[in-house]
Amino acid sequence: MKQQSLHLVTHILCPYVQRSIITLEEKSIAYTRVDIDLANKPDWFKQKSPMGRVPILLVDENRTLFESAVICEYLDEVTAGSLHPSDSLEKAYHRAWIEFGSGILQSISGLYNAKDSASFDKIHEEIQRKFGMLEEIVSGGPFFTGEQFHLLDAVYAPIFRYFDVFESYTNLNTFADLPKCQIWRSALRQRRSVQLAVAENYPDLLVQFLKSRDSYMSQLLVTEINND
Ligand SMILES: N[C@@H](CCC(=O)N[C@@H](CS)C(=O)NCC(=O)O)C(=O)O
C-alpha cells in the first residue's frame, strides 16, 4: 500500500464504524480516528459527509469516502491479501449476506425502539428468523466460512455485540436454538480486531443510549438495573 494518511470519522456506538475499524485492524493499517456527536454534527462534518452519516474516511486530506461497505472494500483492495473470497461468485455471495447483515441492523434498531411488548416480541421473532437462515449456511466454526476471517465476519461481529448487552439486562436468549451461530458469535467476540473496535466502556454507553429511547427495552433496562 502506498503511504496514505487515513482519518476515520466515527461515532462511539455505530456498528458501521466498527466494520471499518475491524478492517483497518485486520489489515494492520495505520489510521487516526475522531468521534463526533451525531446529535450535534459539526459543520465540517456536514460539509464532508454527503449523507450526513458516519463512517467517513478522509484519504490524504483531499478525498472523502463514505458508506462502510465501500470503505471496507477500498481498505481491503489497497493492502496485501484479501478479506474477500477471490472467486467472483463467492465474493458476490459474501456481499449479498453482508447486505443481509445491514437488514438485521435495521431490525435491531426496530427492537430497541419498539414501544410495547407485542411489537418488541414480533421484531425479536423476525430477528431470530433471520439468524435461523444464517444457521443454515454458516460453517461449524469458527468463522462464516471456517478458519478464515472475512469482511463478512467484520459485519456480523458488531451485530452479535448488541446481544451481549441485551442478554446482560433482559431475558432475551436469541441464539438458544442456533448452535452454529453461537460458535460463530463466540469466535468473533474473541477476535482482537473486534475487541479493538469499541471502547472499554461500550456496554455502559450502549445501556445509556438504550435507556434514553423511551421504548419497551428502555423500561426493561431500568427495571433490571434497579433490581440489581
Ligand atoms: N449505510 C451506511 C449506514 C451508516 C449509518 O447509518 N450511520 C449512522 C450511525 S450508526 C449515522 O451516521 N446516522 C446519522 C444520521 O443518519 O443522521 C454505512 O454502511 O456506512
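First I need a rule for ring pairs: rings of Phe, Tyr and Trp (its six-membered ring) pair if their centres lie within 6.5 Å, and planes under 30 degrees apart count as stacked, over 60 as edge-to-face and the rest as tilted. I count residues from 1 along each chain as its sequence is written, and my side-chain values use heavy atoms, leaving out hydrogens and water. I also keep in mind that this is a predicted model, where local features need pLDDT of at least 70, side-chain atom pairs count only at pLDDT 80 or more, and totals for chains, interfaces and linings use all residues.

**Ring pairs**

How many aromatic pairs does the structure hold? I get 18. One of them is Tyr-112 with Phe-209, which is edge-to-face, at 5.4 Å centre to centre and 80° between the planes. Tyr-112 sits in helix 4 (residues 88–113) and Phe-209 in helix 9 (residues 202–211), so this pair ties together parts 97 residues apart in sequence.

Next I checked burial, where buried means under 20% relative accessible area, exposed over 50%, and partly exposed in between (1.4 Å probe, protein chains only). Tyr-112 counts as buried at 10%, while Phe-209 counts as partly exposed at 26%.

Then I looked at Phe-163 and Phe-175: their ring centres are 5.1 Å apart and their planes are at 80°, so I log this pair as edge-to-face. Phe-163 is in helix 6 (residues 151–169) and Phe-175 in the loop between helix 6 and helix 7 (179–190), so the pair links parts 12 residues apart in sequence. Phe-163 is buried at 0%, and Phe-175 is buried at 1%.

I found a cis peptide bond joining Val-54 and Pro-55, with omega about 0°. Pro-55 is in the loop between helix 2 (43–48) and strand 3 (56–59). Gly-141 and Pro-142 are also joined by a cis peptide bond, with omega about 0°.

Where is Glu-67? I find Glu-67 in the loop between strand 4 (63–66) and helix 3 (68–77). Its phi is positive, near 80°, and Glu-67 is partly exposed at 34%. Asp-214 has a positive phi near 60° and is exposed at 62%.

How values were computed: Helix = DSSP H or I, 4+ residues; strand = E, 2+ residues; numbered from the N terminus.
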